[in-house]
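Subject: Structure handover

Hello, here is the structure we talked about. Please open it alongside this note; my findings follow below.

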Amino acid sequence: MVTEGANYLVSIVTFLGAAIIVVPLFKKIGLGPVLGYLAAGLAIGPFGLALFTDSTTIIHIAELGVVMFLFLVGLEIQPKQLWGLRKYIFGMGSLQVLGATGALTAIGLLYNFSLQFSFIAASGFVLTSTAIVMQTLSYRNDMTSDPSRRIIAVLLFEDLLIVPLLALVAILSPAQTADSLQSHSLWQHIVVSFAGLALLIVAGIWLLDPLFRLVAKTKIRELMTAVALFVVLGSALLMEATGLSMAMGAFLAGVLLSNSSFRHQLEVDIDPFKGLLLGLFFLGVGMSLDLTHVLNHWKMILSALFLMMITKGIIIYAVARATGSTKLQSLDRAVLMAQGGEFAFVLFSSAALQGVISAEVHANMTAIVVLSMALTPLFIVIYQKWIAPKFAVREVLENDVIEEQNDIILIGLGRFGQIVNHLLRASGFQPTIIDKDAKLVSGMKKRGIRSYFGDACHPDLLHRAGIETVKLVIVAIDNTKQATKIVRHIHQINPKAKIIARAYDRHHVFELAQAGANVQIRETFDSALRTGKQALTTLGIEQEKVHRIGNMFFGKDRHSVKLMADVYDPKKPMFTNADMLKIAFEQDEELKLEIQKILDEEI
């Protein structure tokens, strides 16, 4: 006889077994873990092997994974940074939501649904799946870039819409009267929500950090973990109780703790729960896909699915381009955010219960949202493998048109290149500056420094800059492979041009020398030499002797580089070649003797 406890254990083992078998397989074949979780859920759900029937309960429990994910994201964003995102949250967020809602409502009308039905369906589908988007950004290790923060800003704005949309469902309900709606439903929701938000902010500013300090004094590790979970889940519960989303509560709690000294400990404590529950969430979504209903209405569901995803994607792309994103960033955001989200289940259920939409519309839209969430990981894989590379190449080739040809070309305008450029300009020279960081080039242009966006690895760009007749080229980029490639190309096209190149280390010095660079400047050599000279001075050696030792050391190093560059083999590790060992040993012994002579001299 199987006890109830044993049944729970069987359920847990089945969940874990499905994930262990399917998820690694999908990741192995390049389809990603999210799609693997969805497939595993479909396999064990009521429309697969029928091992589980209550997918709704599982999704509600597993939504805690999304909550914890947003808490960890909040830990990475300080309050000042969140305030800086306000134009994206309310500006770009409202543009995207309003534009997509209008377009999707029009699609509903094309299917001969009423305006009310079409609007509710559009409102649910326009809210993106936070779980899928955040999980994808996490797998990319791309949570803190500017494009990702814009995406997060839009997701936050969509979370803010929960209250007005649920209130609107109540307004549209046939059971409500106009007077009761105007006096109670909307304003009551808004006041309670803002009160809960204010309470969370007050607690976060004055209570959370002292609470963690008090617990830390106990030195009980598991108690710290318990408090971390209490803060995350408590914040989520508070927001849900006041009508907002659990994810928003956890995110704000994370933001309020982003300056805390316990931030890193919180990340360590929460991360394991986040990953496990997120996987469970995707399993639940896969289980909730009613294949029978989809097969019975496949024409309408599939046509509406692709039409709604394409339409939403077009609106997202247009808004992204209008707000300053590149073509590649805009396309990436459109693919990532074109699906419906988990909040649609809540909105559609509420609308169905209150008679705003019919049971058939509820079933159809739920299937459409689930399918959109299931297909999104597959679309992301297709996009990243076959579409993004083509757009990436196209964007890289869209270089600025260089309008001048000077005797000097400076490639790279980072910290290293800016110092070189400053000295050249102060000395009366005007180099042609090339850098492939579009934002940096734009910023320099605003400061009055003429520079050009482009990748110097492309021969046509260097040709337009006059590489055939240039006298001096300074390669100041920090990418070793690209720097060597550029130096080699310049030397082949114009052997008479003098080339000064920034080198990462001694290996890179030899590679640049073999490629044709006349002078190779190691990033840390000069600063290290200066540090050594300062150390000798501090140890009591006369300033003149220190100066001579430094010059002699520099000269010996340059001579060593020239000798070693002739026998250097980039395919072999440093100092495995017998000739290089001999040269290095001889140079080291000569160096010691020369320094000792200087030290023994009388001034």
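**What I found**

Phenylalanine 282 is buried, with a relative accessible area of 0%. Buried means under 20% relative accessible area, exposed means over 50%, and partly exposed lies in between (1.4 Å probe, protein chains only).

A word on the basis. This is a predicted model: local features need pLDDT of at least 70, side-chain atom pairs count only at pLDDT 80 or more, and totals for chains, interfaces and linings use all residues. Residues are numbered from 1 along each chain as its sequence is written, and side-chain values use heavy atoms, with hydrogens and water left out.

**Aromatic pairs**

Rings of Phe, Tyr and Trp (its six-membered ring) pair if their centres lie within 6.5 Å; planes under 30 degrees apart count as stacked, over 60 as edge-to-face and the rest as tilted. By this rule there are three aromatic pairs. One of them joins phenylalanine 90 and phenylalanine 157, edge-to-face, at 6.4 Å centre to centre with 85 degrees between the planes. Phenylalanine 90 lies in helix 5 and phenylalanine 157 in helix 8 (residues 146-160), so the pair ties together parts that are 67 residues apart in sequence. Helices here are DSSP runs (H or I, at least four residues), numbered from the N terminus. Phenylalanine 157 is buried at 12% relative accessibility.

Phenylalanine 281 and phenylalanine 282 form an edge-to-face pair too: 5.5 Å centre to centre, 70 degrees between the planes. Phenylalanine 281 is buried, at 0% relative accessibility.

**Helix 5 and helix 16**

The axes of helix 5 (residues 86-110) and helix 16 (residues 298-322) come within 9 Å and cross at roughly 150 degrees. That makes the two roughly antiparallel. Axes are lines fitted to C-alpha atoms over the stretch in contact, and angles run from 0 to 180 degrees between N-to-C directions. Under 35 degrees counts as roughly parallel, over 145 as roughly antiparallel, 65 to 115 as roughly perpendicular and the rest as oblique.

Residues of helix 5, including Met92, Leu95 and Ile107, meet residues of helix 16, among them Leu307, Met308 and Thr311. The residues of this contact divide into 11 nonpolar, three polar and one charged. Ala, Val, Leu, Ile, Met, Phe, Trp, Tyr, Cys and Pro count as nonpolar, Asp, Glu, Lys and Arg as charged, and the others, Gly among them, as polar.

Look at isoleucine 107, in helix 5. Isoleucine 107 is buried at 6% relative accessibility. Leaving aside neighbours within four places in sequence, isoleucine 107 is in contact (heavy atoms within 4.5 Å) with Leu307, Met308 and Thr311.

**Helix 6 and helix 18**

The axes of helix 6 and helix 18 (residues 343-353) come within 8 Å and cross at roughly 155 degrees. These helices are therefore roughly antiparallel to each other. Ile120, Ala121, Ser123, Gly124 and Phe125 of helix 6 make the contact with Ala344, Leu347, Phe348 and Ala351 of helix 18. That contact has seven nonpolar residues, two polar and no charged.

Threonine 128 sits in the loop between helix 6 (115-125) and helix 7 (130-139). Threonine 128 is buried at 5% relative accessibility. Beyond residues up to four places away in sequence, threonine 128 touches residues including Lys312 and Met337.

Met337 is one of the buried residues of helix 17. Eight of the 11 residues of helix 17 (residues 327-337) are buried, so helix 17 is largely enclosed by the rest of the structure.

Best wishes
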